[in-house]
Every structure is written in structure tokens, then in C-alpha cells.
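User: I should like to learn how to read several features of a structural model. Could you take me through them one by one?

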Amino acid sequence: MDYLTILQILDSALRLATPLLFACLAGLFSERAGIFDIGLEGKMLIAAFFSAATAYSTGSVWLGMLAGVAASLVLSGIHGLASITFRGNQLISGVAINFLASGLTVLIGLSWFKLGGQTPSLQGDARFQGIDLPFAETLSGVPLLGPLYSEVLSGHTFLVYVALLCVPLTWYVLFRTRFGLRLRAVGENPAAVDTAGISVVGLRYAAVAICGVLCGLAGAYLATGLGASFVKEMTAGRGFIALAALIFAKWRPWYALYATFLFGLLEAVSNRYPSLDLGFVTLPSQFMQALPYILTVVILAGFVGKAIPPRAGGEPYVKER
Amino acid sequence: MTTAPAIELKGISKAFGPVQANKDISIRVMPGTIHGIIGENGAGKSTLMSILYGFYKADKGEIYISGKKVSIPDSQAAIAAGIGMVFQHFKLVENFTVLENVILGAEDGALLAPSLRKARKDLAALAAEYELNVDPDALIQDIGVGMQQRVEILKALYRQADILILDEPTGVLTPAEADQLFRILHRLKDEGKTIILITHKLREIMEATDTVSVMRRGEMTATVKTSETSPQALAELMVGRKVLLRVDKTPAQPGEKVLEVENLKVVDSKGVVRIKGVSFDVRAGEILGIAGVAGNGQSELLEVLGGMRNGTGTIRVNGQDLDLTGKFSDARSRRKRGIAHVPEDRQREGLIMDFKAWENTAFGYDDDEAYQTGLLMNNAAIREDAEGKIERFDVRPANADLEAKSFSGGNQQKLVLAREIERDPDLLLVGQPTRGVDIGAIEFIHQQIVALRDKGKAILLVSVELEEILSLSDRIAVIFDGQLMGERLPAETHEKELGLMMAGMTGEDT
């Protein structure tokens, strides 16, 4: 394997990690505030559909992105209503959202575009285009580091850089601002927040809304950045992989970057080598494609050491006497 | 009187559905005093304070703070009115530092750093002023409950509270820590703060307060100067009839050793050593009381004996070894060996709250021959049995079809006691028999335990209430950090000595 191949795999890993990173940070905000969200998948899916559909109809990828975020926010609102206002079961609400998104996207897709649930493929301004970072051309000559910059970091679409910027931003918001302190507190002990005179409901809705926006970006990236149209069930379990990455990352933003990049890397490797010849044994393509999912199972089975979730996660807050 | 009361409530009423939690309550709390509010569980103390702190809105009535009428729709308004509350269950974020907990909700701006700097300075000033020393950078989960309580007090003071409400503040403290708390409260009072102390412990009222108000069944039955009343008088006001505060019992007639424990060790699932080699015995016809602050291994001790946890060492009952780790180390095998267990947490381990009273009276003994008809349970027999138990143990309401959760704490405990005591065990394990139980029911429960002793049975009593240990036990052992610190006879010791042992001084040091 030469250096160029490694660079290409890393480049592809970064692209594939982006939707996972968005979704993982989305889950991080929600779960840090005490709202479990297994509906990341559904929110990404509906955002992917509406961003592709809107981008195709208007010819503007930006309007598409906004439409995707809006659609995701609507589902977030439903999850908030069910789990915060009506104190319902957060898992059931999440499952319902996944079903809803899966059904709605295909149904509306069939009726609007009549392409078997797909949207027509996007071209030109209806897709995100790669951005060359400054000096990419000139630095590419520098040995080792030059290509790393020009091949791996440069040339991605807008949303890839947004996702990367979201990592330090999330860290800063969570650990350096008043909002972050309160958000973390409400996920650990909502009663402490309540008795301090802060609205538990308001904070949790804010967290769920942030989660919606980030899932929206994840979906928009899938359909208009990574791909060039919406395809039925195109999220392919990425919402759940993001949840696994979140546990792997122990609900921390920087670890979330590493965890999602690892998943992206596995996917990139399996794309690059449909079947991998290790000399003594050849791994079949089915195995390679299953790699990210296998890692998910391994992580969820608890092979990552002790991960302590936010203490009040999953429980609706009821004022006690 | 010329000064306006710090707090004046006029005609406060609050109903939850058909239950009238507060009925036309009026009270005046003078500034710079410690005002006690005493009453049994469910008397409406907590509801009243929740109204004052903005958790509930009163159906009727007015609130005046320093003579000015105010409305308190939420906690924010209560804090703005200068009211600080220290809840019975602390409202702290466990994995935050002391400093972060103090500023939560009282931050100065959107960014944390300036708030944290200011709070650090203010906290140092408060610590100096009121002798409330706490390490601002310690995590809450790493400090003891006494410290956590100080953090709660500091939280209120940091928000410039003039009125401090403490709800059952000593429930989790050692006697020494409680004394320290009362010193802090007096200090606060001397600085002009007004303090409301809610408790069901008569001793604390007598020791710490200037004025005391008594609540019973949602009504304020009396407000008197503490110096002009007595524990006996207060108890009668609380319960509404004469009650016996001391347990009436004859000297024990100890017989053979029923329970012998030698070098018992327990390691929990996290690998923490909970019991570090304890040895003791309990004889027939005596009550051995285990005193100690919660979390020092007494729960694990009961669980090992009751068959809910594994241990190493030797335990003999009636001279025969118990299986501590194997097939016969479960609770059912223990019952077969004549050990009955009234667990510490009756709502989680003693009862199934959603099941009916009659079903609850059969748990653990459900394989009893009398309860079977072939393959099926003989529900009629269980129910008949339950009705007898309910009558003999004076469970109220006497309705076997009510779910366990519809009974008060005291009556739930009577159900558990009836189930365990009526099996005529050789050894009764009983944990926190009167936690959350009314004074009236405490009297009855204590009588039942003493009656079982007088029948020549061995009883192991675990309680964090020192008064209960002192009045009920024939011998007292003190547990600290998984070790027994020594044994005392109740007649030859006092709360102070036991309190020191509970804090880790060995018997010889005291």
C-alpha cells in the first residue's frame, strides 16, 4: 500500500465520517440534557430527502440544506413534545420517528418524483462543491505533509468543514458557557436545575432543537454532499452507528471526533478493498461491508470500558413534592 | 411588636384532589430566630414549604415577606424574595465541582470563567464569615454528606438568602455532624438570618429552635415558645393523643447463641470491601442493635445474612453453618433456616408497591403448603391469612385488597413485619424499622419487636436512628467503615460516646 493510497483512504474516511460526526454531536447535545434520542436515524433520513427534493426543485443547495434542517427540526419537535411535555417514553418516541421518516420519505418521493422513491440526481448548484483550501496547490509539493494537506484536508465540501468546526464549538459551549453548564446539569440532576430557578423544560427543548439542526445538516450532507440524490433508506443505520460512537466517545466532543473518524475509516477501507487479501485468508466483501456494523455491536456490547451516561438520561422530569 | 415578621403566611390552603394537604395555615416567623416546624409524615410540612419555595401554588392564602405581600409563582421568585431552601435530598449535580454547583442558575453572564472567579472569591468570604469551609474544586461525589449539606447552605447564601429553610436536615448526618450543623445555624442566626427548621425529631426542636409550630393532618395545631414546652407535650400535639416516647421493656433474658458471625468479609460488585472482617453473636431473647451512619456496611451485613449478597467467613445459625456463596445462599434457603428479614428499604425490597396487600403478605413464603391447591395458588387461603395479619398488626385501612402503595409508611411496615414475625422465626433481621414511620406507629412497631424478643427469639436491629438503637437494644455494636468499633450496654453509654464511635473512634479512644 503506497502513500497515495493511504491518503485516498483517509480522504474518503473524512467524507464518510462527516454525517456520523454531525449525528454524534446531535446525540451528544440531546443526551447530555437527559433526552435519549434513537431517532437520529429518522431525522437524518427526512433531512436527506427534503434537502435533495428542495435542491432539485429550486436548483439551490443552500435552500435544500435549510429545508433539510427544517424537516429534521419538525421531527425533533415531535420528540420533544412526546418526551418532555408529555413525559412519554423516549425510546418509543424515537422508534416512532424512525418509522415515520422511513415511510414518509418513500411515500412523498414516489408521489413527487415517480422514480421508485428516489429523487432525480442533482447537478451543478444543487450539490455542494468541493472547496480548495488556501495554498493547497502550492503546498502539495512539500514532502509527506504537503499531500496530507492538499489531498486529505483540502477539497471537501462546505459541510465537512462545518462538522469539524462543530467539535471545538461543542466543547466550548458545553464546558465554557452558562448554557453548557445548565445543559449538563439538567442531564445529571434536573431537580438541581429546577430548584435553582431555571426551566428544565426550556433547557431540554433547546437541546433537542440543537440536535435537530445537527441531524438536519447530517442528512443534507448525505444527499447533497456525499451523494447526489436521495435514495430510499440512504442513511443505512448511520444514526445508530452515531449512537454507538457517542457511547464509545463517553459523551465527549473530542472523543466523538475520534470515534466517528474510526467508523469512517472502516467504511473507507471496505469501500476501497471490497475483499481484502491478508495473504493467509481472503476476507470476503460481505465481511468488509459489515465491518462498521460489527464494530458497533462490539462497542455496544461494552468492550470499551466503563462509559457512564448522563445520570438523568431517559427519565422525564416530574417535580417532586 | 414593632418589627415585621420575616415571613408571615395567612390562611394558606392547598388540596391535591380530595386530599387537603394544608388547611387554612397561618404562621409568623420573626427575623433572626430559628423557627421549628414539627409534624408527622404527611402532616403537610413539606407541602407548606414547597408553596413558600414556589413549587406549588396555594389554592388560597397570602404570603408576606418582611411585611410586604408577595406572590411566589416559581423558585426564581422565591430566590428573588430572599428565600433559600436546603432540601432533604440534596439538589446537587454529583459530577460537578462545588463551585459549579454554587453558581448554577446564579451565573453573572453567558461565559463561565468570570462567574467562577467571582464565586470563588465570594465563597472564601462566606466561609470566613460563617465557618463554612468547603474545597471549591472538589467534586460533589467525592465529599461526604455533611459537606454536601454545607454546599447547599452556601448555595442559598451565595444567592443572598435571608431566610433559610431546612427540610429534615439531620437525616443523613452523624450526631457530630448534626451538632456542627446546629452551630452553623446559630451562627447564621446571630448574623441576622431567619431559619426555618423542618423535622420530625423532637430532640432537635428542643435543642435548636426558639419557637416551634406543630402541624397535624394539614393543620397548624399550635405555635409555642420552645422554652415553654416539653417533648411529651409536642408529641401529643403531633399525634393528637398520649404517646409513649420510651420503649417499655423488661430486662433481657439471653439464652443460647442463635446467630454467630465470625470474620465476615464482603466485597461488592465494584471490588470495594464493604465489610472488613466482623465477628459478633446474638443470643435468643435479646436484641442486638447495630448503630452507624448509613453507608458503613450495615446494609451489606443485613443483605448477607438475609441471603441477598455473598460473603466470606463463617455464619452459624443455631450452631449450624450457613452457605455464604453456594446454592443455598439465597433468601429462600435463609427463610427455611428460620431467619426472617425486614429489609431496610421496604418499598423496594420488602413489598411490591403495585401488588395488593394480601399478595404482599405471602411473598417469600409463597411455596407454603397451606397456600397451594395442586398446581394453583390457593388465593382464598392467602387472603384469609392476610386478613388475620392485618387485624393483629392493626394495619389501617384494614383492607387486604388495597395496593401496597396506598398505605402510609407505617402501615406498609406493619404489613412487612406481620409477614415476617408471624412465621415465628428464630432470628429476625430488621433494618430501619421506623424510617419514615409516624410516631404512633413507631410505638406499635417497637412493641412488636420487643414482644418477639420476649418469646425468646434473637433479633438483629440495624438503625441509623441513635435514639431507636438506645431505647430498643439490649446490647449495642457500632459499625464504622465495615468494622465493628466496639460493643456497649445501653445503660452504660450515651449518645455522645456512640456518636464518636460512629465517626470512627474506637471504644478505647472515647
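This is a predicted model: local features need pLDDT of at least 70, side-chain atom pairs count only at pLDDT 80 or more; totals for chains, interfaces and linings use all residues.

User: How is the length of a helix checked, and what span should the 20 residues of helix H12 of chain A have?

Analyst: The count of residues is set against the distance between the helix ends. At 1.5 Å a residue, helix H12 (residues 253-272) of chain A should span 28 Å, and its end C-alpha atoms are 28 Å apart, so the two agree.

User: Which residues of H12(A) are buried, and against which helices do they pack?

Analyst: The buried residues of H12(A) include Pro253(A), Leu257(A), Phe261(A), Phe263(A), Leu266(A) and Glu267(A). Their packing partners in chain A are helix H1 (3-32), helix H7 (158-176), helix H11 (238-248) and helix H13 (285-300).

User: Where does UniProt place the feature "transmembrane region" in chain A?

Analyst: An annotation can be set beside the coordinates. The unreviewed UniProt entry gives this feature at several spans of chain A, among them 158-175, 205-224 and 254-270. In the model, residues 158-175 of chain A are 100% helix, with end C-alpha atoms 26 Å apart. Residues 205-224 of chain A are also 100% helix, and there the end C-alpha atoms lie 28 Å apart.

User: How is an interface described, and how many residues of chain A are in contact with chain B?

Analyst: Interface size is often expressed as the accessible area lost when the parts come together. Here a residue count is used: 19 residues of chain A contact 24 residues of chain B. On the chain A side, helix H8 (178-188) and helix H9 (190-195) each supply at least two residues. That side comprises 7 nonpolar, 4 polar and 8 charged residues.

User: How do strands E11 and E12 of chain B run relative to each other, parallel or antiparallel?

Analyst: In a regular strand, side chains alternate between the two faces of the sheet. Strand E11 (residues 257-267) and strand E12 (residues 273-283) of chain B run antiparallel, joined by 8 bridges; Val267(B) is bridged to Val273(B). E11(B) and E12(B) form a hairpin with 5 residues between them, and Gly271(B) in the turn has a positive phi of about 85 degrees. E11(B) also pairs with strand E14 (residues 312-317) of chain B in the antiparallel sense, over 5 bridges, where Glu260(B) has Arg316(B) as its bridge partner.

Conventions:
Residues are numbered from 1 along each chain as its sequence is written. Chains are lettered from A and ligands numbered from 1 in the order in which they are written. Helices (H or I, at least four residues) and strands (E, at least two) are DSSP runs, numbered from the N terminus. The expected span of a helix is 1.5 Å times one less than its number of residues. A residue is buried if 20 or more other C-beta atoms lie within 10 Å of its own, exposed if 12 or fewer, and partly exposed in between; C-beta atoms are placed from the backbone. Two residues are in contact if their C-beta atoms, placed from the backbone, lie within 7 Å. UniProt positions are given in the numbering used here, feature names are shortened, and annotations may be inferred rather than shown by experiment. Ala, Val, Leu, Ile, Met, Phe, Trp, Tyr, Cys and Pro count as nonpolar, Asp, Glu, Lys and Arg as charged, and the others, Gly among them, as polar. Two strands pair if DSSP finds at least two bridges between them.
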